[in-house]
Amino acid sequence: MDKTGYLILRMAIGLSMFGHGLVRLPKLSGFSSWMVKSFENSMLPEFMVVPFSYALPILEFCVGLLLLIGLFTRQAILLGALIMLVLIFGTTLIENWDILPSQLIHVAFFVVLLHYIKDNTWALDSKIGK
């Protein structure tokens, strides 16, 4: 992969994560209620779903922002992948198979970004020596 390709890929996944968080932050309580309702028939207890439902939009927003500006890129990639793995687990518990491909694609993006991180030169990380 070249540096321009890496930048485009980083921007794509960064915008996805940033956008997911951005649109959910103003309606955090409503998003949490929706998520809790989605998991009410799953084996996950509400006391686990509620904190995650509030943390998820904040984490998505932060991961997206860090990827967009290229700061702490490696850590943002790893956190983004972890978020996706947790979401995949939750998705399988509620048998929402329609959303699973999107989450798997996100994981694939994170894996590619991690593998080619040496091409992450158009980033704040390269300016500050991270």
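**Figure 1. Packing of helix H4 in the predicted model.** The buried residues of H4 pack against H1, H3, helix H5 (100-115) and helix H6 (124-128); contact here means heavy atoms within 4.5 Å. Helices (H or I, at least four residues) are DSSP runs numbered from the N terminus. The model is a predicted one, in which local features need pLDDT of at least 70 and side-chain atom pairs count only at pLDDT 80 or more, while totals for chains, interfaces and linings use all residues. Residues are numbered from 1 along each chain as its sequence is written, and side-chain values use heavy atoms, with hydrogens and water left out. The buried set of H4 comprises Thr-73, Ala-76, Ile-77, Gly-80, Ala-81, Ile-83, Met-84, Leu-87, Ile-88, Gly-90 and Thr-91. A residue is termed buried under 20% relative accessible area, exposed over 50%, and partly exposed in between (1.4 Å probe, protein chains only). Helix H4 covers residues 73-93, and its 21 residues should span 30 Å at 1.5 Å a residue, which agrees with the 30 Å between its end C-alpha atoms; the expected span is 1.5 Å times one less than the number of residues.

**Figure 2. The contact of H3 with H4.** The axes of these two helices come within 9 Å and cross at roughly 145°. Axes are lines fitted to C-alpha atoms, for helices over the stretch in contact, and angles run from 0 to 180 degrees between N-to-C directions. The crossing of H3 and H4 is left-handed, that is, the near helix is turned anticlockwise from the far one by less than a right angle. From H3, the residues Phe-52, Leu-56, Leu-59, Glu-60, Val-63, Leu-66 and Leu-67 meet Thr-73, Ala-76, Ile-77, Leu-79, Gly-80, Ile-83, Val-86 and Leu-87 of H4. The residues of this contact divide into 12 nonpolar, two polar and one charged. In this division Ala, Val, Leu, Ile, Met, Phe, Trp, Tyr, Cys and Pro count as nonpolar, Asp, Glu, Lys and Arg as charged, and the others, Gly among them, as polar. Leu-65 also belongs to helix H3 and is partly exposed, with a relative accessible area of 35%.

Figure 3. Within H2 (residues 28-38), Leu-28, Phe-31, Ser-32, Met-35 and Val-36 are buried. Seen down the helix axis, these buried residues fall within an arc of 135°, so they line one face of H2; the arc is that of the directions from the helix axis to the C-beta atoms. An α-helix has 3.6 residues a turn, so residues three or four places apart point the same way. The buried residues of H2 pack against helix H1 (3-24) and helix H3 (46-69). Trp-34 and Lys-37, on the other side of H2, are exposed.

Figure 4. Most residues other than glycine have a negative phi. Phe-72, in the loop between H3 and H4, is not a glycine and yet has a positive phi of about 50°. At 33% relative accessibility, Phe-72 counts as partly exposed. Glu-95 follows H4, and its phi is positive, near 55°. This residue is found in the loop between H4 and H5 and counts as exposed at 56% relative accessibility.

Figure 5. Pro-45 is placed in the loop between H2 and H3 and counts as partly exposed at 28% relative accessibility. From C-alpha to C-alpha, Pro-45 and Asn-120 are 40 Å apart in space and 75 residues apart in sequence. Asp-119 is in the loop between H5 and H6 and is buried, with a relative accessible area of 10%. Not counting residues up to four places away in sequence, Asp-119 touches Met-1, Asp-2, Lys-3 and Tyr-6.
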